[in-house]
Amino acid sequence: MPLLNVLSYAAIPVVAVVAGGILSSLRPPGAAMRSAVQHFAAGVVFAALATELLPEVMHRRLPLQTIGGFALGVVVMLLLKAFTEKKSEGADTVTTGLPTTLLIALGVDIALDGLLIGVGFAAGEKQGLLLTIALTLEVLFLGVSASAALSGGGATRPMIALITAGLGGLLLLGAGLGAVVLSGASSSTIDVVLSFGIAALLYLVVEELMVEAHEGPESPWLCATFFVGFLVLLIVEMFI
């Protein structure tokens, strides 16, 4: 797919991350609403994994490349987790100022999301479109997280809008790099990157979205939104 088309699709999650940051700064969502949408987003991302990325990698039948890409994805995401936790441990010693380290971690996370969108379109237009839909919901909450951290550091609303726009720019950069670098790449290279993406998205669902979704009050209807999200993307796929 041409680079301009990939960037056009990637602009959708860019709008989502900026909107999440701005809306959160104006009216922070309640715990139940955050949990519901995080469950829903986790279901959507999991559906993209189950219906597109996993079958694509299975179809390629390149076990060594799959092992290498998956292992690399696990290592990168665990390093990112360790980096973020280190910031959290040191938070008690910092009472003022912007959360620079946390913003760097969010920037790396959202750049990887953009890369996954580029990877998806390199594998096929359908895969790219479904990943765009799934990751749009995920980055919406990255914007909310960034806004909450910035507000705690004393950032003004214009500054929050500017910084979340910068995060959106990182997503576009990641998508562009993924599309350009992987354009015409070999099947082995695509398989490695797709396997990397599977590991990264599994981490996103299990260690981020679902963990945060269960931090607040729980109820059956909140848990049900996970399955609603899965079903919604499954139905969308049937019509693409």
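I110 is in contact with V17, V139, L142, L167, L170 and L171, leaving aside its neighbours within four places in sequence. This is a predicted model.

Start from I110 and look at the core. The largest nonpolar core has 56 residues. Among them, V45, L53, I110, V139, L171, L194 and L201 touch the most other members. Eight helices each supply at least two residues of this core: α1 (3–26), α2 (31–60), α3 (63–89), α4 (100–123), α5 (125–152), α6, α7 (187–213) and α8 (220–239). Helix α7 gives the most, with twelve residues.

Now go back to one of the contacts of I110, namely L170. L170 lies in helix α6. L170 has 33% relative accessibility, so it counts as partly exposed. The range for that class lies between under 20% for buried and over 50% for exposed.

L170 also leads out to the surface. There, L3, L170, L173, L177, V180 and V181 form a nonpolar patch. Together they have about 520 Å² of accessible area. Which helix gives the largest share of the nonpolar patch? Helix α6, residues 157–181, supplies five residues.

One more stop is a loop. R61 is found between α2 and α3. Its relative accessibility is 70%, so R61 counts as exposed. The backbone is worth a look here too. Phi of R61 is near 55°, a positive value in a residue other than glycine. Most residues other than glycine have a negative phi.

Notes
Residues numbered from 1 in each chain as written. Predicted model: local features only at pLDDT ≥ 70, side-chain atom pairs only at ≥ 80, totals over all residues. Heavy atoms only, no water. Patch = residues over 30% accessible without salt bridge, like charges linked within 9 Å, V, L, I, M, F, W, Y side chains within 5 Å. Areas by Shrake-Rupley, 256 points an atom, 1.4 Å probe, with all protein chains shown as cover. Salt bridge = Lys/Arg side-chain N within 4 Å of Asp/Glu carboxyl O. Helix = DSSP H or I, 4+ residues; strand = E, 2+ residues; numbered from the N terminus. Buried < 20%, exposed > 50% of the residue type's maximum accessible area, 1.4 Å probe, protein only. Core = buried A, V, L, I, M, F, W, Y, C linked by side-chain atoms within 4.5 Å. Contact = heavy atoms within 4.5 Å.
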